[in-house]
Amino acid sequence: MPEVFVDEKLCKGCGLCVEFCPRQVLELADEPSSAGYTVAEPVKLDQCTSCGICYQVCPDYAVTVKGERRSGEAIEFSKPKALSGLQTSYCPGCTHGVVHRIIAEVIDELDIRESTIGVTSIGCSIFIYKYLDVDYVEGAHGRAPAVATGIKQVHPDNVVFTYQGDGDIGAIGTAEIIHAAVRGESITAIFVNNGNYGMTGGQMAPTTLMGHVTTTSPGGRNVSHGHPL
């Protein structure tokens with residue numbers, strides 16, 4: 001029978017695993033954990049197919065799934081080694097953690113943790129340095145591509161990437177990312193775009209889509225606001 005484990009030290013009870021499980025294997029607990037969250041728990045393991053969707057959607061790396069494929073091959077979905085294992089400070093359900101996990105999976109797969117350098121931006125994205133176990137440098141608001149350019153030119157053998165939100169890369173840092181691209185800098189820019197300024201109140205951002213409601217476009221973005229970047 002498949003095994004599903006939820007680490008209550010990491011889970012914040014956002015319920016995404018419960019919502020997306022195609023077999024209703026998981027439910028939120030009736031009582032809160034020691035941290036005050038109603039964590040997810042497996043209740044119908046006999047229905048589990050080890051698909052790993054609960055692991056994929058968990059933004060807090062709290063879910064581990066073990067099972068086997070129809071061929072008999074063992075399968076395991078568990079927290080990548082490149083993640084620190086700390087509980088995130090993001091709001092419950094915030095999917096920054098999903099992006100962190102995907103980055104960590106790639107770092108593990110390529111075995112580049114010791115040669116990777118990340119550059120943080122300003123905003124919620126800055127906190128990635130606490131959760132991804134690689135070397136980090138903090139850049140000024142919007143300037144992560146410029147900082148990454150300098151690091152890459154001094155350390156050409158390292159893998160260098162930036163992790164930036166839409167306000168950072170698409171507003172105050174537009175010049176930096178465009179000119180880094182024009183120069184063909186050998187860096188990776190990871191652009192986390194939720195279409196608004198989520199950390200400061202949900203205001204309209206350059207990437208807000210037409211018709212989308214924000215705190216500064218309560219009627220939805222329209223042509224008078226300009227078109228999305």
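This is a predicted model: local features need pLDDT of at least 70, side-chain atom pairs count only at pLDDT 80 or more; totals for chains, interfaces and linings use all residues.

Reply: Residues are numbered from 1 along each chain as its sequence is written, and side-chain values use heavy atoms, with hydrogens and water left out.

Me: How many helices and strands does the protein have?

Reply: Elements are DSSP runs numbered from the N terminus: helices are H or I, at least four residues, and strands are E, at least two. The count is seven helices and eleven strands.

Me: What share of the residues in the protein is buried?

Reply: Buried means under 20% relative accessible area with a 1.4 Å probe, protein chains only. The protein has 229 residues. The buried share is 42%.

Me: How far apart are the end C-alpha atoms of helix α3?

Reply: Helix α3 covers residues 96-110, which is 15 residues. The expected span is 1.5 Å times one less than the number of residues, so α3 should span 21 Å. The model agrees, with the ends apart by 21 Å.

Me: Which elements do the buried residues of α3 pack against?

Reply: The buried residues of α3 include His96, Val98, Arg101 and Ile107. Contact means heavy atoms within 4.5 Å. The partners are α2 (53-57), β6 (116-120), α4 (128-131), β8 (159-165) and β9 (188-192).

Me: Which residue follows α3?

Reply: Its phi is positive, near 55 degrees. The residue is Asp111.

Definitions and conventions. Buried means under 20% relative accessible area, exposed over 50%, partly exposed in between (1.4 Å probe, protein chains only).
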